[in-house]
Amino acid sequence: MAFENIALGIFLFSQITVGMIGNSSILFYYVILKFTGKHLMPKDLIIEHLTFANCLFIISKGIPQTLSDYGLKDFLDDFGCKLIMYIYRITRGMSLYAMCLLSCFQAITISPSNSRWMKFKHRATKYLGPSCSLSWLVHSFLNILTPARVSGPSYSKNTTNRMIYGYCSWFASGNFATALYLFLLCFCDGLCLGLMACSSVSMLWIPNASVNKV
């Protein structure tokens with residue numbers, strides 16, 4: 001085993017440990033609040049979904065990647081690779097969506113009372129829960145083709161379009177349907193990133209605008 005792989009494995013393991021402890025602690029805290037009947041803020045619902053998605057993301061991506069860096073290559077069979085990669089793709093998209101939703105909701109919340117965005121505050125609060133639940137379903141359908149394109153590293157069928165990523169294999173195809181599907185995935189990610197950027201700029205602009213008025 002190369003020294004670079006060991007060092008990378010230790011680095012990833014430390015990140016996984018910190019990430020799991022942090023996200024699971026926050027998630028456990030909200031679970032306790034729910035069982036004790038405490039009132040939660042609207043943003044807390046988004047954070048619940050975000051921390052849950054992050055935990056699944058770490059399990060499905062971080063742990064297999066760390067084992068692969070330590071030299072373990074065939075610890076997942078074909079079904080295991082399909083399941084892990086499918087969960088990884090769903091939680092990756094859900095995590096990005098939850099961060100986008102949280103950023104936009106915060107931008108609406110801190111808007112001045114005379115802002116045109118304030119009229120969306122009540123609606124946004126009302127539809128936060130259904131939006132998060134619907135997002136899980138949307139990302140499940142968006143990534144429905146992932147299991148069909150993934151196999152274990154010991155897949156015996158010979159193909160030139162097979163790319164091996166340590167512990168799993170990915171089948172690449174250059175047809176139009178695949179390109180359209182990848183464009184759809186990239187468009188969803190780009191839309192979330194764009195909305196996060198706009199909301200961040202908006203939150204920076206609001207205090208400056210208030211100071212200038214004063």
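Guide: Buried here means under 20% relative accessible area, exposed over 50%, and partly exposed in between (1.4 Å probe, protein chains only). This is a predicted model, in which local features need pLDDT of at least 70, side-chain atom pairs count only at pLDDT 80 or more, and totals for chains, interfaces and linings use all residues. Residues are numbered from 1 along each chain as its sequence is written, and side-chain values use heavy atoms, with hydrogens and water left out.

A disulfide is a pair of cysteine sulfur atoms within 2.5 Å, and by this rule the count comes to one. Cys 81 and Cys 168 form it, with their sulfur atoms 2.0 Å apart. At -100° about the S-S bond, this link is left-handed. The pair links distant parts of the chain, 87 residues apart: Cys 81 lies in helix H3 and Cys 168 in strand S3 (residues 168–171). Helices (H or I, at least four residues) and strands (E, at least two) are DSSP runs, numbered from the N terminus.

Cys 81 is buried, its relative accessible area being 0%. Cys 168 also counts as buried, at 4% relative accessibility. Cys 188, by contrast, is in no disulfide; the nearest cysteine sulfur, that of Cys 192, is 7.2 Å away. With a relative accessible area of 24%, Cys 188 is partly exposed.

A nonpolar core is a set of buried Ala, Val, Leu, Ile, Met, Phe, Trp, Tyr and Cys residues joined through side-chain atoms within 4.5 Å. In the largest such core, of 23 residues, Ile 46, Met 94 and Leu 101 touch the most other members. H3 gives the most to this core, with ten residues. Apart from it lies another core, of eight residues, including Cys 81, Leu 76, Tyr 88 and Tyr 167.
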